[in-house]
Amino acid sequence: MDIALNVITSSAILFIVSAGLLIVFGVMKVINFAHGAFLTVGGYSGVIAAKFGLGLWWSLPLAVVIGFALGAVIERMVVRPLYARPLDAILATWGLGIIIGQVITLVFGREIQFVASPVSGAIPIFGAQYSEYRLILLGVAVLIALSLGALLNGTRLGLQTRAVIMNESLSRTLGISSSRVRFLSFCMGAALASAAGTLITPLSSVDPNMGVPWLVSAFMLVMVSGSSLVSLAIACVVLGGAQTLVSNLVSPVLGGLTLVVLAALLLRIRPKGFSNE
């Protein structure tokens, strides 16, 4: 039962980490390689809050505000001039991720830091004792999925976003400001990434490179999901579940490679991955 719960909660954590990257890729068709840096920013938001004696939940609003503001500056000054050159935009976000990591190192140092979980202990579920915090993250993943689904399907901004995703040129002829949609999508993706970085800090250490391994996993999951939240959820369960099983039953080292290898094989066999677009 513990393994089954590990598969479910690990898939939820991967969804939380990857959702922001999917939003940016779905609208802008550009992989934001600064995503890992935004995760790290969120992690250090938790560290800052802890130093002021505040709990992890108090650091979430801070992480969202910092991520949104940082995303706004980057989109305006770096990404927007490169809309017509997606490869250059990808390289620019990669360079920005390195710069953000170096700035964090200068401010906080290279020391590994830890943030205490806002809840401790385990609760009984299906006859087993399981981490309460990981179960909370499962609920957070469901909440994020439902909120993004409601935003995309039940609001004017969501309708405009879907129009830009499907056909940006046609959406502009209908009077939709694609630049505004791109701006808000990038900021939202950055805010989600920063919030995810805060949420995962109790599960791992915080250091200037903490976002790199998560970026690799998120990148592969988005590649096999296209721009669909449903496809992302399926990818997290299938590939994330396989990674968890291998980590628990064989070796954590092999488990870390499982998601990447399976995603690459899936793209080789079916270039659209789990997407039906």
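## Val237 and the basis of the model

Val237 touches Ser11 and Ala242, leaving aside residues up to four places away in sequence; contact here means heavy atoms within 4.5 Å. Val237 belongs to helix H10, residues 229-249. Helices are DSSP runs (H or I, at least four residues), numbered from the N terminus. Between Val237 and Gly95 there are 142 residues of sequence separation and a C-alpha to C-alpha distance of 31 Å.

The model is predicted, so that local features need pLDDT of at least 70 and side-chain atom pairs count only at pLDDT 80 or more, whereas totals for chains, interfaces and linings use all residues. Residues are numbered from 1 along each chain as its sequence is written, and side-chain values use heavy atoms, with hydrogens and water left out.

## Thr198 in helix H8

Thr198 lies in helix H8, residues 178-200. Its relative accessible area is 0% and it is therefore buried (buried means under 20% relative accessible area, exposed over 50%, partly exposed in between, with a 1.4 Å probe and protein chains only). A polar atom of the Thr198 side chain is 2.7 Å from the backbone oxygen of Gly42. Beyond four places in sequence, the residues that Thr198 touches include Gly42, Ser45, Leu56 and Ala63.

## Salt bridges

The count of salt bridges is two, each being a side-chain nitrogen of Lys or Arg within 4 Å of a carboxyl oxygen of Asp or Glu. Arg80 pairs with Glu75, with the closest N and O atoms 3.2 Å apart. Arg80 is partly exposed at 25% relative accessibility, while Glu75 is buried at 0%.

Asp88 pairs with Arg85, the closest N and O atoms being 2.8 Å apart. Asp88 is partly exposed, at 30%, and Arg85 is also partly exposed, at 45%.

## Pockets

A pocket is an open set of points on a 1 Å grid over the protein atoms alone, where a 1.4 Å probe fits, with protein on both sides within 12 Å along at least five of seven lines; lining residues have an atom within 4 Å of a point. The largest pocket has a volume of about 500 Å³. Its lining holds 18 residues, and Ser10, Leu14, Trp214, Ser217 and Gln243 lie nearest its centre. Helix H1 (2-28), helix H9 (211-223), H10 and helix H11 (252-269) each give two or more residues to this lining.

The second largest pocket has about 400 Å³ of space. Of its 23 lining residues, Leu152, Arg162, Ile165, Ser227 and Ser228 lie nearest the centre. H6 gives the most to this lining, with six residues.

Note on methods: A polar contact is a pair of N or O atoms within 3.5 Å; within protein, one must be able to donate a hydrogen and the other to accept it, and residues adjacent in sequence count only if both atoms are side-chain atoms. Grid points are joined across faces, edges and corners, and a volume is the space filled by probe spheres set on the points.
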